[in-house]
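Here is a short tour of a protein model, with an eye on its pockets and one of its helices. Have the viewer open and follow along.

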Amino acid sequence: MRFPFFGKKDDGAGQVDFGHLPRHIAVIMDGNGRWARRRGLPRSAGHKAGAETFRTIATYCREIGLDYLTVYAFSTENWKRPPEEVEAIMDLLARYLQEAIETMARDNVRLKFLGDMTPLRPDLRALIDETNRISAGLDGCQANICLNYGGRDEIVHAVSELVRLGETDINEDTIAAHLYTAGIPDPDLIIRPSGELRLSNFLLWQCAYSEFYFTNVLWPDFSKEELHRAIAAYQQRDRRYGGVKK
Ligand code: IPE
Ligand code: IPE
Ligand code: MG
């Protein structure tokens with residue numbers, strides 16, 4: 001199925017088969033700092049621009065009917081940054097959550113936070129609790145925000161939970177059921193902008209058979225056009241999962 005009205009400005013939509021979208025796209029929202037530096041702006045300005053891009057892309061993913069969008073917003077390693085940068089990121093997040101609380105029911109967007117929320121500021125934790133409460137009554141597109149998230153931390157946390165519960169049946173299903181992503185299908189497509197060719201501790205367990213798309217575009221400049229390119233590239237891939245082509 002193709003939606004011709006999406007392709008008016010030659011934004012690459014014509015290359016995308018909207019009837020066979022990946023079910024779950026994950027994005028490492030990287031390059032905010034470099035975007036700002038190139039403009040002689042403070043890094044916080046890059047994070048602000050990156051938050052705008054997140055709004056645009058998340059809205060578009062909802063419009064095209066994507067089931068799951070997962071974004072890497074703050075890693076377990078990002079606490080190493082200067083406190084004022086961490087604070088700026090947390091402030092932007094609080095602002096986004098305040099807006100989301102107003103609009104998510106109208107837009108039927110569920111929000112889920114992946115990561116260890118315990119070290120976060122109390123105001124943020126309260127906003128997260130509120131979005132979780134609203135999400136429980138919705139059934140639309142799900143946006144997962146990875147916050148204080150680390151793939152290794154997630155696996156350690158899952159295994160600790162299994163030990164705590166006295167679980168002796170350790171297998172892929174029981175581990176997956178205790179990850180932050182329990183119940184969410186693995187990402188079909190992982191996009192990393194900014195030119196870095198690494199995962200930086202993102203979805204280490206879940207990416208086993210994900211397709212990857214790397215682009216030099218910095219996250220604040222990421223557009224629907226770039227998303228179309230990523231999806232079109234994904235649609236050309238041959239996913240074999242270790243098997244052979246029929
Ligand atoms: C990604 O952009 C945002 C976070 C990690 C919170 P960066 O801040 O890492 O931007 P670069 O990589 O320095 O350009
Ligand atoms: C990964 O980006 C984390 C987020 C985008 C939230 P980083 O900028 O922290 O990763 P490295 O340091 O380049 O690997
Ligand atoms: Mg970075």
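## The second largest pocket

Helix H3 provides the largest share of the lining of the second largest pocket, at seven residues. This is a predicted model, so please read what follows as computed from it. H2 and H3 each contribute at least two residues to that lining.

The second largest pocket holds about 280 Å³ of space. Its lining counts 17 residues, and those closest to the centre are Thr59, Tyr96, Thr103, Asp107 and Val109. Sorted by class, the lining of this pocket has ten nonpolar, two polar and five charged residues.

## Helix H3 itself

H3 covers residues 83–107. With 25 residues at 1.5 Å a residue, H3 should span 36 Å, and its end C-alpha atoms lie 34 Å apart, which agrees.

If you trace the helix, look for a kink of about 40° centred on Ile101. Just after H3 comes Asn108, which takes a positive phi of about 50°.

## The largest pocket

The largest pocket has a volume of about 690 Å³. It is lined by 32 residues, of which Met29, Asn32, His47, Tyr72 and Ala73 are the closest to its centre. Two or more lining residues come from each of helix H1 (32–38), helix H2 (43–64), strand E2 (68–75) and H3.

Which element gives the most to this lining? That is H2, with six residues.

Definitions and conventions:
Residues are numbered from 1 along each chain as its sequence is written. Chains are lettered from A and ligands numbered from 1 in the order in which they are written. This is a predicted model: local features need pLDDT of at least 70, side-chain atom pairs count only at pLDDT 80 or more; totals for chains, interfaces and linings use all residues. Side-chain values use heavy atoms; hydrogens and water are left out. Helices (H or I, at least four residues) and strands (E, at least two) are DSSP runs, numbered from the N terminus. The expected span of a helix is 1.5 Å times one less than its number of residues. The bend at a residue is the angle between axes fitted to the seven residues ending there and the seven starting there. On a 1 Å grid over the protein atoms alone, a cavity is a set of points where a 1.4 Å probe fits but cannot get out, and a pocket is an open set with protein on both sides within 12 Å along at least five of seven lines; lining residues have an atom within 4 Å of a point. Grid points are joined across faces, edges and corners, and a volume is the space filled by probe spheres set on the points. Ala, Val, Leu, Ile, Met, Phe, Trp, Tyr, Cys and Pro count as nonpolar, Asp, Glu, Lys and Arg as charged, and the others, Gly among them, as polar.
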